[in-house]
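Hi everyone, and thanks for making time today. I'd like to walk you through a structure that may be new to you, so please have a look at it first.

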Amino acid sequence: MLMQLRAVLRCRRLPTHSAAATFFTSSGSAPLAPPSPPASAESADDSEQDEGSLAQRLERAASVSTAIRGWMAAGRAVHRGHVFHAINRLRRRRLHHTGLQVMEWVIRERPYKLSELDYSYLLEFTAKVHGISEAESLFLRIPQEYRNELLYNNLVMACLELGLIKLSYGYMRKMRELSLPISPYVYNRLIILHSSEGRRKTISKILAQMKASRVTPHTSTYNILLKIQANEHNIDGVARVFSDMKRAKIEPNEITYGILAISHAVARLYTVSQAYIEAIKNSMTGTNWSTQEILLILYGYLGKEKELKMTWKLMQGLPHIRSKSFTLAIEAFGKVGSVEQAEEIWGEIKSTRKLRLTEQFNSMLSVYCRHGLVDKVSAVFKEMRASGCQPNAITYRHLALGCLKAGLMKQALNTMDMGKKEVVTRKVRSSTPWLETTHLLLENFAEIGDLENAKRVFAELNESKYCRNSFVYNTLLKAYVKAKVYDPDFVRTMILRGAMPDAETHSLLRLIEQYKT
């Protein structure tokens, strides 16, 4: 089997520009978005139980008119609730053309008394399908009685969705002239648009503008600010934002506590993370998949196998389980060392769902590679290629770890080199699978005293803010200890790059002082 693994690795495909998989954690790179309310287990948005709903008919019919005629032919009226449910589903599935056609039908046929919300939906989908010019033209044609707070806020949001910041500010000025309140979600979107490293200084001005406009920040506003700091691995920044939130007397929700718990777990501050897990459970509103997914991740980090099994069992009782939940569960069980449970979930995916994504295979590869089970790695890798899924940079990183765990140093280094030929974007380099697997490689090189390769791997980690965590520097320092090499500038470099020495750092430094020359 080892020979087979080497053979398939040699038959490497040409690099493509496919995106690598990332997951929601504080070190993940998923784009920031205003957090939406958790979806309950009974939510129609994700449930497969509303087969006969108007929303299902609209999604599957050849045309909107056909779907609605079929619905009404069965003696059922089109109520406001049916339309809003359908719009939420269509928006989530990015079926914007269908959403626009639904709202055009509603405005034309008037199945119930129209409200400002109906016109705001029409405006939203017009902007998404036809662009902002058409949306502005529509806005002027909407009856004056409906051109109020909601419609203006939606027009501003449409501008921001398209990155038209100056235009959005123009409409915000108009709203102030008309004494119309600006939604905190508008400011949320502005913060997100300025969350990149080069534009982040503007966020403080946006918050000041929000205060001057007497707009009270929403819980989601602080969740976005927390996520920005968490993505930067800035634990002090996370604590500062949470303190501001408490001072402003804004009530945290389970999303807030999830961000706090994961950011501290990533930084290996497990006691603090556990406290926030308790806060998550105390603030949960029913049983919903989004919070359960966060708990899967957290119990994996904290090595709590019993709680992990209970959470997964609870999720299995939900009407619908997302594909992503399966991959998160596999990775979490791999972290706690329960390979058999991960294999059981993998078998369930293969028997009930189609394996279409590289990230699905990466989840199982991560488990086997973490434990050095190269025979099983070889089998999954071959299955991955046979399914048509192509390995990406994260796949090769997992494979390198598997080889290293199995003592196959030459193959590990070759696989790392092969991975470098893949497209490795900044997004990938800041993703959780990349960072954590790269750190595991660093740990293994440190254990055998391979300082040269430890430095090589550390240099890759240093490109992200992950090195703000002192344990990353401590791992590199262990390589110095094992290799019996002294570096007089180690602590200085560590501090300059944003990491603070801790007790372990000082203990390791005392060990390498004996190797001064």
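I'll begin with the whole chain and then visit a few places along it.

Before anything else, please keep in mind that this is a predicted model. Now, what is the chain built from? The protein chain has 29 helices and 0 strands. There are 517 residues in the chain, and buried ones make up 52% of them. Its accessible surface comes to about 24100 Å², with 52% of that belonging to carbon and sulfur atoms. As for how the chain meets itself, take the contacts between residues at least 6 apart in sequence: 67% of these join residues at least 24 apart.

Let's turn to the aromatic rings. How many aromatic pairs are there? The count comes to 12 aromatic pairs. One of them is formed by Phe84 and Tyr121, and this pair is edge-to-face, at 5.5 Å centre to centre with 75 degrees between the planes. The pair links distant parts of the chain, since Phe84 belongs to helix 4 (residues 80–92) and Tyr121 to helix 6 (residues 116–130), 37 residues apart.

Leu509 is 31 residues from Lys478 along the chain, yet their C-alpha atoms are separated by 9.3 Å.

The charged end of Arg147 sits over the ring of Phe139, 5.8 Å from the ring centre. Likewise, the charged end of Lys335 sits over the ring of Tyr301, and here the distance to the centre is 3.8 Å.

Next, a quick visit to helix 5 (residues 96–109), where you'll find Thr98. Is Thr98 buried or exposed? It counts as buried, because its relative accessibility is 18% and the cut-off for buried is under 20%. Leaving aside neighbours within four places in sequence, Thr98 is in contact with Leu58, Val64 and Leu90.

Last stop: the surface. Leu162, Leu164 and Leu167 make a nonpolar surface patch of about 210 Å². If you want to find it, look for Leu162 in the loop between helix 8 (149–161) and helix 9 (165–177). Leu162 counts as partly exposed, because its relative accessibility is 45%.

So if you take one picture away, let it be a predicted model with 29 helices and 0 strands, and with 12 aromatic pairs to explore.

Definitions and conventions:
Residues are numbered from 1 along each chain as its sequence is written. This is a predicted model: local features need pLDDT of at least 70, side-chain atom pairs count only at pLDDT 80 or more; totals for chains, interfaces and linings use all residues. Side-chain values use heavy atoms; hydrogens and water are left out. Patches are made of residues with over 30% relative accessible area and no salt bridge: like charges are joined within 9 Å, nonpolar side chains (Val, Leu, Ile, Met, Phe, Trp, Tyr) within 5 Å. Accessible areas come from the Shrake-Rupley method with a 1.4 Å probe; for residues, only the protein chains shown count as cover. A salt bridge is a side-chain nitrogen of Lys or Arg within 4 Å of a carboxyl oxygen of Asp or Glu. Helices (H or I, at least four residues) and strands (E, at least two) are DSSP runs, numbered from the N terminus. Buried means under 20% relative accessible area, exposed over 50%, partly exposed in between (1.4 Å probe, protein chains only). Rings of Phe, Tyr and Trp (its six-membered ring) pair if their centres lie within 6.5 Å; planes under 30 degrees apart count as stacked, over 60 as edge-to-face and the rest as tilted. A charge sits over a ring if NZ of Lys or CZ of Arg is within 6 Å of the ring centre and within 35 degrees of the ring normal. Contact means heavy atoms within 4.5 Å.
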